[in-house]
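Colleague: I'd like to learn how to read a few features off a model. Could you take me through some, one at a time?

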Amino acid sequence: MADYIMTIDSDVEDIPEPAPQPKMKTQKSEDDAALNPDFVFDLADDTYADILNTGVTVQDLIKTGSKATPISVDEIVARRKLSRKRKRSADDQDGSVSEEEYEEGDSEEDEGVSDEEGFKMDELGEASDDPIRVGAEEEEEEEDSSEDEDEETEADKARKAAFFAAEDDATKEAHDSFLSMNLSRPLLKSLTSLGFSKPTPIQAATIPVALLGKDVVGNAVTGSGKTAAFMIPMLERLLYRDKGKKAAATRCLVLLPTRELAVQCYEVGNKLASHTDVQLCLLVGGLSLKTQEVALRARPDIVLATPGRLIDHIRNSPGFTLDAIDILVLDEADRMLSDGFHEELTEIINSCPKSRQTMLFSATMTDSVDELIKMSLDKPVRLFVDPKRSTARGLTQEFVRVRKESERPALLVALCKQTFKRKVIVFLGSKKMAHQMRIVFSILGMKCDELHGDLSQEQRLNALQAFRDGKVDYLMATDLASRGLDIKGVETVINYDMPNQLAQYLHRVGRTARAGKRGKSVTLVGEADRRMLKAAIKHAAGEDQVRQRSVPAEVTQKYIEKLEDLKDEIKEVMQEEKEEKQLRRAEMELKKGENLIEHETEIFSRPARTWFQSEKEKAKAKEIGKAEHEGGGKRARADAKNKDEEKKPKRDKFSGLSRRMKRRKMAMDEDKEEGVDKAVSAAIRSAKKAARPSKIGHSSTKLSSPSKARSGKQARSGGKKGKGAFDSDFGSRGSSNNHEGVRAVKGTKPNLNKKLGGGKKTGKK
Ligand SMILES: Nc1ncnc2c1ncn2[C@@H]1O[C@H](COP(=O)(O)OP(=O)(O)OP(=O)(O)O)[C@@H](O)[C@H]1O
């Protein structure tokens, strides 16, 4: 164990750095097989920060209107400080003793912490069997059977081999440039303006395969560019869609688990599509339903959505359907496939045509066939880039031992006050904790905001923006922010407590050290977290990137006392906040009542919205999802399912039928009831079918080989899926004048031929 002791002054940070990396261009490492050694990440300014030149801004997306401005903790704290100050000066005049001022005095004091008091850091490695010696030294039975280490049985292997597509030349083809991928000029232009000069490994692996229309299951570490990996082929394929008013249709759907992630993905998509005519639409809860309904009427090419709001629109927005979906993407797919989203996902998937292309991505993607079967994938190509590695190369993980649970808050404050002073995301286990800690930080004069599900969507997006813009140094977040969020320059992620699942940990720490940059995670580890700690260390990118940080007992004690002194103040701030909230609520109720009286006729004449799940069902699904997400896992799921079994409705006459058959039967029943003649109803149905927009890039060419179509039905529908449709894209590219995209000329030709060949060979089996 290398031992170098760090002082507070040197803390930021003299960790032995690898040789400086001017632009990563020439740096090679032995284990770099999976990474393109020449790959240069975008080191320009925040690429995704402002929502590009499309004129859409976060503020535009946020619902504006009659909503009152949210209650600000900072305002309450400032108000209280001011009144304290006034009182103090009045007291001074009276000659009485002044009250303690919190943060001003503190910061002075903190700077003066002597070197001896500095936090110590030790390197951890394999040699350290029990790196953070938690509690008594008795050797517990180490059942290292954490989810990530389950041995794969022969049967599993065989199932996977049967489920996934076999590797072929197309999947192995190495691309070290976007040019060799044969992308259209408008896209190449966007990539250049984004500063994406080379594909990241996951992009190099995914784009060619996705362009062939194949289903994909992709896994690569956090911050490695998965968003563009599915966005680029999606946009490329859309460039060859049918054009014209009648052909307008929503052909691509991207599902994401959180609203913030959907907003971010929408931004990235807009940037990539900025030189094309492809239209994107964002459907997330918390933002204006009406605006989204209007946007949907224009039949945007790509819809990015969270599941709940999407279903709301499917049910309630006239004319919006998923009938024309050609590409379905699930970002953070393992989360989406978890039971919390189960009902919603089933409903959405049942509304999409079976012939679609489906792509699943996550940094913690599972290749467990059981999970993936839910998505009715068709021989998906498994693209796991560097599967042995779970954290980014630039990430240094530190662990701080928590001896007594009561010292946890003090440790956090000490670390933030003395060492981690800017661009810090602190993950906490609950919304309540996140809010309380935000109050503590605000009282201590540290610029801070919070991000969790107890806030309005407006507050959530504003907090994120404030953190992105550097207006606040600390973001107190729950796991809502753990996945996918791409915030440039996050220096440190602090885990106030260790999450219950390794995946959750990996996503949290993945908010830093993104896109080839360096970053640090600091996790407070208590006795109960020992197993997770081992798993985390095991998944580090390198042994030298794991360290133990210790906070001297006297420093911890100092902050324990300080927080003890703040207790009353925190309570009072919370009380004031509560009172303000009640006042606001009363005002809102009043306004609601007035509106109801004033606009009664209009309000009651609106068609009633239907809901996919009742509030009760929603709450239950949320509960299961939460339990599973936070580690209750399979047991919680099983318990809930058992309970459900008893309540399950009886099978109706449609159960067991395919979606299409069910629809047909229902239509026939309806016709019977209405006494419509069979021939007439058949004619109506076939006219409707004919009016459906064609698939992306699908020309009149039919599937060349019926054996490659998934089923007879698919073959009849013109080989809609994958290879057939996409081959026709390629086939028609040279000849058709219908194409909007201009081929990139230089350097692309040899590969075009190659891919044409590859495409034919590697069609869906
Ligand atoms: N080809 C590229 N060249 C340079 N930078 C890139 C490239 N592709 C993506 N990036 C940058 O990498 C960062 C991370 O990308 P992205 O958010 O898509 O990662 P991710 O793999 O989806 O991460 P997570 O697993 O956390 O969701 C972004 O800021 C983006 O600007």
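Colleague: Where is Ala262 placed?

Modeller: Helices (H or I, at least four residues) and strands (E, at least two) are DSSP runs, numbered from the N terminus. Ala262 sits in helix α9, residues 259-272. Bear in mind that this is a predicted model, where local features need pLDDT of at least 70, side-chain atom pairs count only at pLDDT 80 or more, and totals for chains, interfaces and linings use all residues. Residues are numbered from 1 along each chain as its sequence is written, and side-chain values use heavy atoms, with hydrogens and water left out.

Colleague: Is Ala262 buried or exposed?

Modeller: Buried means under 20% relative accessible area, exposed over 50%, and partly exposed in between (1.4 Å probe, protein chains only). Ala262 has a relative accessible area of 0%, so it is buried. Its C-alpha atom is 9.6 Å from that of Leu485, 223 residues away along the chain.

Colleague: Which residues come nearest to the ligand?

Modeller: A residue is near a molecule if one of its heavy atoms lies within 4 Å of it. There are 24 residues around the ligand, and Lys198, Lys226, Thr227, Asp486 and Arg514 come nearest. By type, the shell has seven nonpolar, nine polar and eight charged residues. Here Ala, Val, Leu, Ile, Met, Phe, Trp, Tyr, Cys and Pro count as nonpolar, Asp, Glu, Lys and Arg as charged, and the others, Gly among them, as polar.

Colleague: Why does the ligand lie between two domains?

Modeller: Domain bounds come from an automatic or database domain assignment. The ligand lies between domain 1 (73-82 + 110-126 + 392-565) and domain 2 (173-384) because both give residues to its shell.

Colleague: Which residues have a positive phi without being glycine?

Modeller: Ser376 is one, with phi near 40°. Ser376 lies in the loop between α14 (369-373) and β9 (381-384) and is partly exposed, at 30% relative accessible area. Ala515 also has a positive phi, of about 50°; Ala515 is in the loop between α18 (502-509) and β15 (519-525) and counts as buried at 15% relative accessibility.

Colleague: Last one: what does the side chain of His452 contact?

Modeller: A polar contact is a pair of N or O atoms within 3.5 Å; within protein, one must be able to donate a hydrogen and the other to accept it, and residues adjacent in sequence count only if both atoms are side-chain atoms. The His452 side chain makes such a contact with the side chain of Glu450, at 2.8 Å. His452 is in the loop between β12 (448-451) and α17 (457-468), and is buried at 2% relative accessible area.
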